[in-house]
Amino acid sequence: MARLSSVNDPKEWLTPVNASASGRILNIAVLAHVDAGKTTTVEQMLYVCGMTKAAGSVEAKNTKTDWLPIERERGISVRNASISLTYGGTRINLIDTPGHFDFTGEAERALIAVDCAVLVISAAEGVQPQTGIFWKALRRKGAPTILFVNKIDRAGCDIPAVLEDIRRELTPDFIALNSARNEGSRACGLAGREFTENDVFTLGEFDPLMADAFLNGKDCGREAVARSLRAQTAACRAFPLLFGAAALGLGVRELLDAIVAYLPAAPLSEAGELSGKIYKIEHDKALGKVAHARIFTGCIKNRDLVVISRENGETFSQKVTQIRSVQGEKSEDAGVVRGGEISALCGLSEARMGDWLGAPLRDKSYTSTMPLFSARVSSPDGRLAELYRAARELADEDPLLDLYWNREERELVVNIMGDIQLDVLSYLLRERYGLEAEFSAPTVIYKETPSKKGRGFAAYTMPKPCWAVVELEFDPLPRGSGVRFASTVNNSVMFPRYQHHVEVSTAEALKQGLFGWEVTDLSVTLVGGEHHLIHTHPLDFFVATPMAVMDALEKCGSTLLEPMRTLRIAADEVHLTGVIGDIVNMKGEFGTPIVKDGKFEMEALVPAAASADYPVVLAAKTAGRARLTAGFGGYRECAATAVAKRRGVDPRDRAKWILYKRNALAGE
């Protein structure tokens with residue numbers, strides 16, 4: 001077995017050799033399930049770094065990152081908030097993210113901008129639904145992550161249970177850097193923790209030097225183990241873990257030590273071609289539209305003309321009028337932003353969330369969030385046109401709203417995650433634009449998937465000049481797979497740019513299937529098609545592809561999918577039978593309840609449509625003493641029949657569709 005040399009001060013184990021070089025920049029997100037103490041942790045970090053004279057408090061409604069009045073009123077984050085601080089010679093660009101289920105998409109979008117993360121976990125509640133969602137998003141991105149087990153001062157804190165929760169739900173490959181004592185009371189404290197043989201064994205799974213030391217009984221110095229942990233943290237194979245109680249300021253300095261010591265710095269690259277991505281849009285009364293962006297390479301200076309590009313191939317240029325360094329609610333003129341940095345850009349009035357600045361890089365989505373409900377928006381005082389324009393700006397900030405305006409019926413529809421999001425929308429419309437809005441009761445958003453494998457075909461060759469032939473093959477995939485696109489067509493038969501047009505148009509066409517819902521969980525392969533050297537117009541494949549998509553769906557058939565919610569319920573044991581009955585009545589499924597000391601805890605999977613008002617029902621049954629947390633549980637097949645109102649012209653009406661796409665339809 002490995003032998004570990006001792007040190008006089010166990011806290012030294014937090015600081016690997018050469019870990020605190022000045023001039024480093026770290027871009028990190030802080031994520032957590034709601035009420036795990038994330039914002040309190042961030043406020044304490046600001047205080048430790050000298051950014052504030054006293055740590056802000058959610059209860060006192062004076063936090064620096066939760067500065068919107070509705071955030072302070074409700075005690076939850078609803079928007080990403082950026083702030084910079086300096087610790088140990090390292091600049092840390094930090095994004096404090098929302099933890100409530102309704103704002104998961106906002107939190108996941110922050111991952112565009114960061115390289116690393118701190119995941120805060122409550123020592124009392126353990127791994128909760130949002131914790132798992134964020135963990136999966138971090139693993140998809142490949143973001144090195146530190147686990148911060150907060151609230152060790154809380155009554156009911158159970159450290160062994162929390163660690164087992166982390167092993168089971170997140171990862172077994174964590175290494176604790178400190179230990180808790182007297183947990184469960186305000187007399188709690190922390191102690192340094194030396195690396196152990198188990199830690200060397202964990203690192204040895206990935207590091208041959210550690211494996212050799214473990215198997216052959218070689219001496220492992222602090223520096224060697226720390227260097228190995230740093231390397232495996234950067235590779236997302238091992239995860240430092242710390243305990244603390246942020247409300248007491250306990251463990252926050254040690255957390256900052258670990259951030260600087262173990263998380264990798266952002267690659268800084270001012271030279272080379274500009275490449276950056278917008279991860280957040282907001283509207284400021286004085287500055288107008290502000291685009292928050294991560295710059296990967298190159299640099300932007302005030303008054304620079306920047307090329308903006310989108311996934312659909314659209315490109316245009318706009319001038320950056322000002323570059324702002326953001327500190328929560330406040331910002332200041334920075335003048336320049338370089339590769340590796342995060343900044344807020346003014347003047348990009350046409351920019352959208354997800355747009356690329358300069359040259360696009362290979363990119364992937366880190367998000368799994370999708371709205372579960374839709375609601376109609378109306379104006380009680382007849383200002384519907386103004387309401388639409390205001391809602392359009394809000395949809396720029398949150399693309400998941402997927403705002404839709406039906407001109408024929410003068411109907412405005414938004415997609416949402418839950419009721420709290422409607423409250424926030426109502427607040428923003430009233431406070432920012434002076435508009436009152438009324439929302440209908442939310443209705444569930446279903447999805448579709450092909451029932452079997454099949455092919456669709458479309459030939460758009462008349463009336464000339466036009467020529468686009470498309471043949472697509474659809475193949476169903478397992479739930480949660482999304483949409484995958486591939487092509488087997490030779491470039492000489494169809495130019496690559498036209499194949500790209502087919503891919504982009506397919507994604508757009510799949511937003512409305514046979515029942516009017518978005519189509520998902522399928523593989524789409526371009527297996528045939530052609531263009532004409534003379535007659536093909538660049539936009540012809542945007543006409544032909546949706547017709548081929550609908551033809552394929554009609555031949556495959558479409559299966560309806562309903563959204564599910566995961567529920568974690570904790571209450572007095574006397575309510576267990578009633579809760580199980582509720583889940584059965586909602587046509588849900590539940591795991592084995594854990595009963596201890598007269599209380600129970602259980603997890604369930606229930607249809608979103610049946611569970612929308614269950615938090616209110618459960619609170620009434622238990623006199624408000626139950627604890628319920630909800631998360632997104634994916635989609636599954638359902639026997640219900642639900643047809644959505646189609647937006648725009650149906651590609652199955654070939655003649656009308658062609659006229660519509662050629663801008664020749666009366667009234668268009």
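This is a predicted model: local features need pLDDT of at least 70, side-chain atom pairs count only at pLDDT 80 or more; totals for chains, interfaces and linings use all residues.
Let me begin inside the protein, at the second largest cavity, where helix H10 gives the most to the lining, with three residues. Residues are numbered from 1 along each chain as its sequence is written, and side-chain values use heavy atoms, with hydrogens and water left out.

By a cavity I mean a set of points, on a 1 Å grid over the protein atoms alone, where a 1.4 Å probe fits but cannot get out, and its lining residues have an atom within 4 Å of a point. Grid points are joined across faces, edges and corners, and the volume is the space filled by probe spheres set on the points. Helices (H or I, at least four residues) and strands (E, at least two) are DSSP runs, numbered from the N terminus.

The second largest cavity holds about 70 Å³ of space, and H10 (384–397) and helix H11 (419–433) each supply at least two residues of its lining. That lining is made up of Val377, Ala391, Leu394, Ala395, Leu401, Leu403, Val414, Leu425, Leu429 and Phe439. What does it look like when divided into nonpolar, polar and charged residues? There are 10 nonpolar, no polar and no charged residues, where Ala, Val, Leu, Ile, Met, Phe, Trp, Tyr, Cys and Pro count as nonpolar, Asp, Glu, Lys and Arg as charged, and the others, Gly among them, as polar.

Now to the strands, where a pair needs at least two bridges found by DSSP. Strand S36 (residues 599–607) runs antiparallel to strand S33 (residues 558–572), with nine bridges joining them, and Asp572 stands opposite Lys599 of S36. S36 is also joined by two bridges to strand S34 (residues 589–590), again running antiparallel, with Phe590 opposite Ala604. Three bridges pair S36 with strand S35 (residues 594–596) in the antiparallel sense, and Ile594 has Glu601 as its bridge partner in S36. In the hairpin of S35 and S36, which has two residues between the strands, Asp597 takes a positive phi near 55 degrees.

A helix to look at next is H9 (residues 252–262), in which nine of the 11 residues are buried, meaning under 20% relative accessible area with a 1.4 Å probe, protein chains only. Among them are Val252, Leu255, Ile259 and Tyr262, and also Glu254.

Finally, the whole chain, which has 17 helices and 37 strands. Buried residues make up 54% of its 668 residues. Its radius of gyration, taken over C-alpha atoms, is 27 Å, which agrees with the value near 26 Å that a compact globule of 668 residues would have, by a rule of 2.2 Å times the number of residues to the power 0.38.

Key:
Buried means under 20% relative accessible area, exposed over 50%, partly exposed in between (1.4 Å probe, protein chains only). On a 1 Å grid over the protein atoms alone, a cavity is a set of points where a 1.4 Å probe fits but cannot get out, and a pocket is an open set with protein on both sides within 12 Å along at least five of seven lines; lining residues have an atom within 4 Å of a point.
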